[in-house]
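User: I am new to this structure and would like a walk through it. Let us take it question by question.

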Amino acid sequence: MSVKAVLDEIRRACPLVSVGVLTADLMNLGDELKLMETAGLRLLHVDVIDGCFCPMMTVGPRFIKAMKTPLYKDVHLMIEEPLSKVESYVAAGADMITVHVESSRHVHRVLQVLGAMTNANDPDRGILRGIALNPGTPLEVIAPLMDEVEMIFLLAVNPGWGGQRFISSTGERIGRARQMIRKAKKDILIGIDGGVTRSNIADVARMGADIIVTGSAVFDGRRPLDNARFMIDAVKDAVGIQRSESE
Ligand code: DX5
Ligand code: ZN
């Protein structure tokens, strides 16, 4: 299966929820991931933070390798200078790798290098590449990168901590990013990451996000399976209603 085939598979299923696993009960990670599989999720989001790009430190390649799941591993690298580090995340089994445009002066090169790598889970497919923008980063930075990415992630919070409030200007940024992609005639998915909860996920889906990351609102320490199912249904209902209104 090529990158294009994976992209087509994901696009057909969009909008998709990608659940952030770092707020899961990490001492029972296997059981927690099984719940997400039971919920019918396709993507698991892993926030890798090095304590330099953002103050928090989280996990590394060994954590990703330890995640035994058939779901796609959507790895979000909030790390400084990823060029020499991405290979270890690919080797650990990442299916999708998103780097921050702010994290390297050679971010185009990072994406080129990623584009040449083989997926450790399936040698026939590559790695879906994403570029992430902090809320304060102008969208114009994505223009020279559109030939090197399959996804654009717009952070709806300042990265580093779960459970923050969704920054409302993100909605306008999704619309402008969609226009830029259309104008460039590219096939690029738009992701939203951070601050997505039960109360706003339908709105985020209606804003046009293809991939919606939500972590602490699913792994809330009480009912992760119900939360995951709620998020999946809310996204489908929101878009389903929108599509029927536009027909
Ligand atoms: C930014 C990360 C997000 C975040 C999860 O910090 O990229 O994935 O921690 O956000 P919540 O918990 O708000 O869904
Ligand atoms: Zn993230």
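User: How many disulfides does a search of the whole structure find?
Analyst: This is a predicted model. A disulfide needs two cysteine sulfur atoms within 2.5 Å. For Cys 52, the nearest cysteine sulfur is that of Cys 54, 9.9 Å away, and Cys 52 is in no disulfide. Across the whole structure, the number of disulfides found is zero.

User: Is Cys 54 buried or exposed?
Analyst: Cys 54 is in no disulfide either; its nearest cysteine sulfur belongs to Cys 52. Cys 52 has a relative accessibility of 59%, so Cys 52 counts as exposed. For Cys 54 the relative accessible area is 3%, and the cut-off for buried is under 20%. Cys 54 is therefore buried.

User: Which residues of E2 point the other way from Leu 43, His 45, Asp 47 and Ile 49?
Analyst: Strand E2 spans residues 43-49 and is mostly covered, with seven of its seven residues buried. In a regular strand, side chains alternate between the two faces of the sheet. Leu 43, His 45, Asp 47 and Ile 49 take one side of E2. Pointing the other way are Leu 44, Val 46 and Val 48.

User: Which residue in E2 stands opposite Gly 20?
Analyst: E1 and E2 pair in the parallel sense, over three bridges. Together with helix H2 (residues 29-39), E1 and E2 make a right-handed β-α-β unit. The residue of E2 opposite Gly 20 is His 45.

User: How many bridges join E2 to E3?
Analyst: The chain crosses from E2 to E3 through helix H3 (residues 61-66), in a right-handed β-α-β crossover. Leu 43 stands opposite Tyr 72 in E3. E2 and E3 run parallel, and the bridges joining them number seven.

User: How many residues apart are Asp 47 and Asp 193?
Analyst: Asp 47 is buried, with a relative accessible area of 18%. Asp 193 is buried too, at 7%. Asp 47 sits in strand E2 and Asp 193 in strand E7, so the pair links distant parts of the chain. Their separation is 146 residues.

User: Which residue does a cis peptide bond join to Cys 14?
Analyst: Look in the loop between helix H1 (3-13) and strand E1 (16-20), where Pro 15 lies. The omega of the bond is about 0°. The residue joined to Cys 14 is Pro 15.

User: Is Lys 185 buried or exposed?
Analyst: Lys 185 is in the loop between helix H6 (170-183) and strand E7 (189-193). Its phi is near 50°, a positive value in a residue other than glycine. At 75% relative accessibility, over the 50% cut-off, Lys 185 counts as exposed.

Terms used
Residues are numbered from 1 along each chain as its sequence is written. Chains are lettered from A and ligands numbered from 1 in the order in which they are written. This is a predicted model: local features need pLDDT of at least 70, side-chain atom pairs count only at pLDDT 80 or more; totals for chains, interfaces and linings use all residues. Side-chain values use heavy atoms; hydrogens and water are left out. Helices (H or I, at least four residues) and strands (E, at least two) are DSSP runs, numbered from the N terminus. Buried means under 20% relative accessible area, exposed over 50%, partly exposed in between (1.4 Å probe, protein chains only). Two strands pair if DSSP finds at least two bridges between them. A crossover is right-handed if, with the strands pointing away from the viewer, the path from the first strand over the helix to the second runs clockwise.
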